[in-house]
Amino acid sequence: MREGEEKHYGLAALFAGIGLIFWANVPALFAGHFAATGLPPATIPLHAFANGLEGTGWFAAAFLTLKGRYEAASWLGYFCAGLWAWDMVTTAYLPAMPVPPHQWLWGPISVLLMCLALRRLHLLSTRHAHG
């Protein structure tokens, strides 16, 4: 990070909060909170792995943001947003997900909001690359 450069604590906090949400789903998956959803039992470990990876990725994006590594943070965040899009598309049709109703609506909106926050990082990395 360049001297005198502002830190983006708000974006880092947002990314860490998203990471916390995904990490919280890992024990919930193994505790049976998703057992009555129609999610095939064989996919529980895969969803737990994906949620753990997403949580870790968002925490890493928060760390990279604080370090001023905006380009790396944005690309990692885009990858994690893509994982969430996959997770959402594969579960939105299930009748009894332990999430707020209408996942088919708020899920894509959440991906859009993630991408808008990440776009801010991408613009910061472009600005810093050109001095």
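I began with helix 3, whose 22 residues should span 32 Å at 1.5 Å a residue, and since its end C-alpha atoms lie 31 Å apart, the two values agree. The expected span here is 1.5 Å times one less than the number of residues, and helices are DSSP runs (H or I, at least four residues), numbered from the N terminus.

Before going further I noted that this is a predicted model, in which local features need pLDDT of at least 70 and side-chain atom pairs count only at pLDDT 80 or more, while totals for chains, interfaces and linings use all residues. Residues are numbered from 1 along each chain as its sequence is written, and side-chain values use heavy atoms, with hydrogens and water left out.

Next I looked up which residues of helix 3 are buried (under 20% relative accessible area, with exposed over 50% and partly exposed in between; 1.4 Å probe, protein chains only). The buried residues of helix 3 include Y70, G77, C80, W84, D87 and T91.

I then turned to the packing of helix 2 (residues 44-66) against helix 3 (residues 70-91), whose axes come within 9 Å and cross at roughly 155°. Axes are lines fitted to C-alpha atoms, for helices over the stretch in contact, and angles run from 0 to 180 degrees between N-to-C directions. Helix 2 and helix 3 are therefore roughly antiparallel to each other, a term used for angles over 145 degrees. By class, the contact of helix 2 with helix 3 has 16 nonpolar, seven polar and two charged residues; Ala, Val, Leu, Ile, Met, Phe, Trp, Tyr, Cys and Pro count as nonpolar, Asp, Glu, Lys and Arg as charged, and the others, Gly among them, as polar.

Within helix 2 I checked G55, which is buried with a relative accessible area of 0%. G55 and I18 are 37 residues apart in sequence, and their C-alpha atoms are 7.0 Å apart in space.

For T37, found in the loop between helix 1 (9-30) and helix 2, I noted a relative accessible area of 1%, so T37 is buried. T37 and L14 are 23 residues apart in sequence and 28 Å apart in space, C-alpha to C-alpha.

Last, I searched for disulfides (pairs of cysteine sulfur atoms within 2.5 Å) and found zero in the structure. The sulfur of C80 has its closest cysteine sulfur in C115, 11 Å away, which is too far for a bond. C80 is buried, at 0% relative accessible area, whereas C115 is partly exposed, at 27%.

Terms used: Helix = DSSP H or I, 4+ residues; strand = E, 2+ residues; numbered from the N terminus. Parallel < 35°, antiparallel > 145°, perpendicular 65-115°, else oblique.
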